[in-house]
Amino acid sequence: MGLTLYHFPPSAPSRGALLAAKALGLDVDVQIVNLFKKDQLQEDFLKINPQHTVPTLTDGDFTIWDSHAIGPYLATVYGKDQSFYPTNPKERAVVDQRLYFDCGTLHPRIRAIFYPIIYLGEDQILDELKQPLEEALGFLDVFLEGNNFVAGDKLTVADCSLVATVANLVAVGWNIKPYANVNNWFARCALTIPGYVEVNQAGAEEYGKVVKSKMAPGQLH
């Protein structure tokens, strides 16, 4: 039956899962679920994922959702290069920590700023939300000190998740240049991950366009 990914391009987590599949060289049938049009609430999708989130992956009769579970699953089942999701417990723990940093720290701090603008009619970025996001970018910059990628010198599934998250931030006009390690890593991922422009950049630009159309001028400098 093959692999099917239910996907929404503006969603950073959704792109993170697709980037992982591309990095692994997998052929995935991509089915678009438009969150802006509430496609995720349709009955046929609720039968697949009652939590109605994207990305959602089906692999034959197996279904899993959350990008931070999908990427490791694909790497474990289909990966040929153990460096992408290491089998060594200590190396894998570092990759997992970076994945959890994305889903528990960086992405939520970005979402706290831009979800109200996209969905709730807000048009301002609250000052009290900026500092936690800058702090998270500072943490990521430290992770990258002396490393080419977020968990060491080789691309891992954690890079796919984190670069998708940072791409949305860049697309809305947030300045990451003060974080030199992050800025250099961001460019490195674009050159390293197969299909990066099509999979990640295009979706991030769509996200950025939506945010900027709803955000008051002068919010970002």
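At 32% relative accessibility, Glu135 counts as partly exposed. The structure described here is a predicted model. Glu135 is paired with Arg109 in a salt bridge, with 2.7 Å between the closest N and O atoms. This pair links distant parts of the chain, since Arg109 belongs to helix H4 (residues 89-119) and Glu135 to helix H5 (residues 127-143), 26 residues apart. Arg109 is likewise classed as partly exposed, its relative accessible area being 24%.

Three salt bridges are found in a search of the whole structure. Side chains of opposite charge can pair when their charged atoms come close. Besides the pair already described, a salt bridge joins the side chains of Asp127 and Lys130, with an N to O distance of 3.7 Å. Both Asp127 and Lys130 lie in helix H5, three residues apart, or about one turn of the helix. Asp127 is exposed, with 59% relative accessibility, whereas Lys130 is partly exposed at 23%. A further salt bridge is formed by the side chains of Lys47 and Glu43, at 4.0 Å from N to O. Lys47 and Glu43 are both in helix H2 (residues 43-48), where they are separated by four residues, about one turn of the helix. The relative accessible area of Lys47 is 66%, so Lys47 is exposed. Glu43 is also exposed, at 60%.

When residues up to four places away in sequence are left out, Leu140 touches Phe101, Leu106, Val150, Leu162, Val166, Val182 and Trp185.

Aromatic rings form seven pairs in the whole structure. In one of them, the ring centres of Phe8 and Phe36 are 5.0 Å apart and the ring planes meet at 90°, so the pair is edge-to-face. Phe8 is located in the loop between S1 and H1, and Phe36 in the loop between strand S2 (28-32) and H2, so the pair ties together parts 28 residues apart in sequence. Phe8 is buried, with a relative accessible area of 4%, while Phe36 is partly exposed at 34% relative accessibility. Another pair consists of Phe62 and Tyr73, whose ring centres are also 5.0 Å apart; their planes lie at 35°, so this pair is tilted. Phe62 is part of strand S4 (residues 62-65) and Tyr73 is part of helix H3, so parts eleven residues apart in sequence are tied together. The relative accessibility of Phe62 is 34%, so Phe62 counts as partly exposed.

Ring pairs also join Phe8, Phe36, Tyr115 and Tyr119 into a cluster. Tyr115 of this cluster has Arg111 over the face of its ring, at 4.3 Å from the ring centre.

The backbone was considered last. Most residues other than glycine have a negative phi, and most peptide bonds are trans. Val54 and Pro55 are joined by a cis peptide bond, with omega at about 0°. Pro55 is situated in the loop between H2 and strand S3 (56-59). The loop between H2 and S3 also holds His52, which is not a glycine but has a positive phi of about 45°. His52 is partly exposed, with a relative accessible area of 33%. Lys38, again not a glycine, has a positive phi of about 65°. Its place is in the loop between S2 and H2. With a relative accessibility of 45%, Lys38 counts as partly exposed.

Definitions and conventions: Residues are numbered from 1 along each chain as its sequence is written. This is a predicted model: local features need pLDDT of at least 70, side-chain atom pairs count only at pLDDT 80 or more; totals for chains, interfaces and linings use all residues. Side-chain values use heavy atoms; hydrogens and water are left out. Helices (H or I, at least four residues) and strands (E, at least two) are DSSP runs, numbered from the N terminus. Buried means under 20% relative accessible area, exposed over 50%, partly exposed in between (1.4 Å probe, protein chains only). Contact means heavy atoms within 4.5 Å. Rings of Phe, Tyr and Trp (its six-membered ring) pair if their centres lie within 6.5 Å; planes under 30 degrees apart count as stacked, over 60 as edge-to-face and the rest as tilted. A charge sits over a ring if NZ of Lys or CZ of Arg is within 6 Å of the ring centre and within 35 degrees of the ring normal.
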